[in-house]
Amino acid sequence: NVKHQRRFKVSEENEAPVKAKRTKPDAGEEEEVVYHPVKLSRNDLYRPPTAEELNQLKEAESLFHCSLLKMQMGELLKEVALSERRKQQIDSFIQTVTKLLQTVPDSPEVEVSDLSWLSGTVKVPFLLLPKITKGKFHMAPPASIDLIGSYPLGTCTKPHVMVDLAVTIPADVLHPKDVVNQRYPRKRALYLAGLAQYLTSSSDIGTMRYSCLHGNRLRPVLLLTPPDKNSSSFTVRVHACPPPGFFKPSRFHPQRNNIRTEWYTGFSTGISEPPTPHYNSSVLGDLLPRTHLQFLSAISSQCSAFADGVALLKVWLRQRELNQGTGCFNGFLASMLMAYLLTTHRISNTMTAYQLLRNSLNFLASTDLTVNGISLARDADSTPTLAEFHSAFQVVFVDPSGHLNMCADMTACTYMQLQHEASVSMQFWDNPTVDGFHSLLMTPKPMIRTSDHVFQLCELVKLQSSCKKLNLLSELMDHSGNYVHTALPFILSLLQRGLDQRIQLLTHSLSPDPEWSVESEAPKYKAQPPLSFGLLFRPELAASVLERGPPADSPKAAEFRQLWGLRSELRRFQDGAITEAVLWDGESMCQKRLVPKQIITHLLQLHADIPESCVRYVGHSFNPCFALQVPSTGEEKSLAVVQSYDDLSRKLWRLEGLPLSITAVQGAHPALRYTQVFPPKPLKMDYSFFDKEKTCRSLVPKEGKPCPAYITPITVICHMEGSGKWPHDRLAIRHIRAAFHIQLGELLRKHHKYTCRPCPTHLDVWKDGLAFRIQVAYHREPQVLRESVNPEGLLVVRDNEEAQALEMATIHKPLLTSTLHGLQQQHPCFGAVCRLAKRWLGAQLFSDDITEDSADLLVASLFLQPAPFTPPGSPQVGFLRFLHLLSSFDWKNNPLVVNLNNQLTEIKNGFMASRESLPVMFIATPKDKKLSMWTRRAPNVQMLQRVMMVAAESLKVLEQQLMDGNQIQDVKVVMRPPLEVYDAVIHLNPKQVPLLSQAVDPPSVTFSRGVMTGSAAQSGGSLPVIDYNPVSLYLAELREAFGDLALFFCDPYGGTVIAVLWKPKAFSPVPFKTSQVSARSVKVTGDEANTVPNVEAILEDFQIMGKGLVKSVEARTEKWSF
């Protein structure tokens, strides 16, 4: 490539070394350049590429990916920027408010605790605990009114437009000693109440509400909206601030105390006062907004892309729910971070918004502010050191003044979440197979879809007793009585210690900023929504039932015992070690998944006095969907099936006496990759239920009994070696396959005592109470099926349905099964997610449109390309993401890439070129890049639309249910299909539905189906009827007879209704023909005879065809009458 570039180098005039010959330009014409190959010596030609050339090549490769991202980001920036019209509305409203505020009347001086001057209904936005504090207060017009924050800086973005207005409290209202004992915060709240009272009378203001700045109750703000139809388009947030420099910054050193214990508790302690860093930083925060604005304006004027870079970072934070609430990483911090990177020259002033975002995320991913804080201060002589900040706060980012930690309220967990998100974003940013823009900036990441398990603390008032138990009086004083935020960091560190190696990440929801009417009291601390915590597991360790501690004689043993209390006990292990250990309960896989729940409830009860009833754990809500025998969800049954298959496979390999040897034994059934919704379970037949057929040792169901239990045939493909003796005729090959089936059956019966039944197409083997269906395959048979001889005697090769079906059964399905089996070994919950997804598709009557294999591939894509998430670590989160994928993926313009074994590269261009001829839902795998064979037949456009709509609705209902503690938790709601949309419903007789026990809502009475309890016999015995399901046979008959008139839908897992939808085209009148009168009636109008479907007769036919299986047929609509 480099060589090629060098040889045809375009010479420009200013390029000295190599001049190309030029033709003379014609007069009046633009000069035309003619390119001649440049003659280079052999050494020049094969010279190794220079660093610059290597860079150019690398750039060309990554440029396409980048430029696309840049263009998409450019479009996004236009979307979030404020329009000129909106800016004019804001400016005029700000002028109105400013004029009004300048005319606030004076009021006489009173004690701070005397609220009698506040007439009317307006309340003070402050929780007055303790009731009394010293000081005098009176209302006066503000000393100045300034715009601060993102709007004057130019970084204000939609959708939630907040404009900040700083109102300076006159100096004579305050006193220099107001720093102490909440005097200043109370005066500030009183001043805001005075402004609110004055503004209530004005018609120029729409609604007025109180809120708090980032959830900090010491910093209430007043929210104003314009009165007209623009009221929802923006909000003005009024802050009351002291005059600049009114308080000395040194008073707010993180080690200073400004709240006296005696004032707060009412009795003196005599010990030294504890420092109050959080209180100090919230007062100090009011002194600095103007200087912060000046600092940021200066920086942004030097870097042209500053505002755009900040806007992109704000969108990124917003999608991850990190930009709002207490201790969030808000837009102000995003601007300050960008400013820090510019002042320390980590990014340059000439960079684009794309590069600013990339470098900011890179910095966040690689810098841990919980250990190494950063500071914007220039001279650090008179200001606190970073070490002093670290001793008082969990996350440290110091502002330009050097006195304020801007991340004072942030917990270490929130920063770890930010860091984790940034590193995940950096990982997929450059991956060409991922839609980087969509994952980075367009996909919302709510906690319920991001974390593997979620739990909530419901009654927050219980955290008061946690503060007592954890002995947090001085911290409670520092947080001015906010027990929720006082206890939170301690609860997080306790859980972090207990869950330790099991989790990668512990996150918590950020309490939203409270909002309340100016006429009501400030809400209590407990009035906020429950605190939610998210866990991201390490799959290999999360479900371990043993917590092994230090040896009994080590100094750490006491620490371990203190953490686990009575659950810790001494145990001796096989390696001879005697150590402390905790053993949790858990037999089956689904119980082991809940070990984290046991740990959490135990630790919270033991150390924080939070009873189990207050912990609402959302991590196992879907177990009822396939728990036939509680408390298991079938993972163990899948394992039993795979073990039995492995044993059969080994025995097949070892068989001797076959004319050709076996070259491969491959499973081709969902149960062998752990994705069968209800894995086949070993059965022990009750012989009294059946008549015995002597000659072929079969069990025949008796008349009048319920339909016997359904026995799934587990398909196994057995490839025979090639040989010149295989015939070249399709019929002859079938005969030879049948002969192999007979001989395999005889050998298995002779050596292993298995009951076998050979057929021309397969051999059924009854082993361990399971039915295996072995199919012999010959690798050249599909080729033989494609060959035919034309009348001229020439050999013609044509692809046909039969050959494709055979290839699918003998090559593609076994390959898919083994690949997905490998995926299950990497991700233990892959199978469970597939089973949930397919249970939902079945319940919603979609399983004929999105087949088993397509559904497994859809789920596989969630594990192989999880961006912007990490691979699902629990069945619940995997299922929610499956619904999100189905409902939000752009099927029309994008192929869904399932990158099995990481072998796929670019396929989008080929896909777009032949989009019209490709299936509606296109799934690309490494072995199937161009055709999407798994979705070739279904779904069609209409069905895919319907699936997307139902998936979106299900996701909405589920996420609400899981996160809202007030709703009754019944996740089966999304498994019950709406039948109103169908035209007719065929009700089946439950007695004849063999899988009735698998229904979403199984009936209380299930029928005996000829199966005994107890473990299945190893081998031998009579062979039951295999693969007999009257419902699916009846469906096949209906589709064959009436497929041109209607669509039929049924839940394959125990559904007792078949829903019918008429095809609109079938009901348009057709001219009378004698060959086309089945199920049609003749209508004569004038001299025309037309036929239309005879619906009454068809419904009667449904009943007749399903005699004994159909209970009733109900016509829902009268669609056919017009």
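This is a predicted model: local features need pLDDT of at least 70, side-chain atom pairs count only at pLDDT 80 or more; totals for chains, interfaces and linings use all residues.
Which helix lies across β10, β13 and β17?

1. To answer the opening question: helix α32, residues 941-963, is the one lying across β10, β13 and β17. Against β17, the helix runs at about 150°.

2. Now for the sheet itself. It is an open sheet of 4 strands, and the order to trace on screen is β11-β13-β10-β17, with antiparallel pairing. β11 (503-508) and β17 are the edge strands, each pairing on one side only. On average, neighbouring strands here are turned by 20° against each other, ignoring direction. If you are new to sheets, strands pair through backbone hydrogen bonds, either parallel or antiparallel.

3. β11 and β13 run antiparallel and are joined by 5 bridges. A handy spot to check is T507, whose bridge partner in β13 is G534.

4. Next comes the step from β13 to β10. Strand β13 covers residues 531-537, and its antiparallel pairing with β10 also goes over 5 bridges. Look for H453 here: its bridge partner in β13 is L535.

5. β17, residues 615-618, runs antiparallel to β10, with 4 bridges between the two strands. In this pairing, F455 stands opposite Y617 of β17.

6. On to the cysteines: how many disulfides does the structure hold? The count is 0. A disulfide is a covalent bond between the sulfur atoms of two cysteines. Take C407: the closest cysteine sulfur belongs to C328 and is 9.6 Å away, which is too far for a bond. C407 is also buried, with a relative accessible area of 1%.

7. C467 is in no disulfide either, and its nearest cysteine sulfur, in C614, is 14 Å away. Is C467 buried or exposed? At a relative accessible area of 6%, C467 counts as buried, since the cut-off for that is under 20%.

Conventions
Residues are numbered from 1 along each chain as its sequence is written. Side-chain values use heavy atoms; hydrogens and water are left out. Two strands pair if DSSP finds at least two bridges between them. A disulfide is a pair of cysteine sulfur atoms within 2.5 Å. Buried means under 20% relative accessible area, exposed over 50%, partly exposed in between (1.4 Å probe, protein chains only). Axes are lines fitted to C-alpha atoms, for helices over the stretch in contact, and angles run from 0 to 180 degrees between N-to-C directions. Contact means heavy atoms within 4.5 Å.
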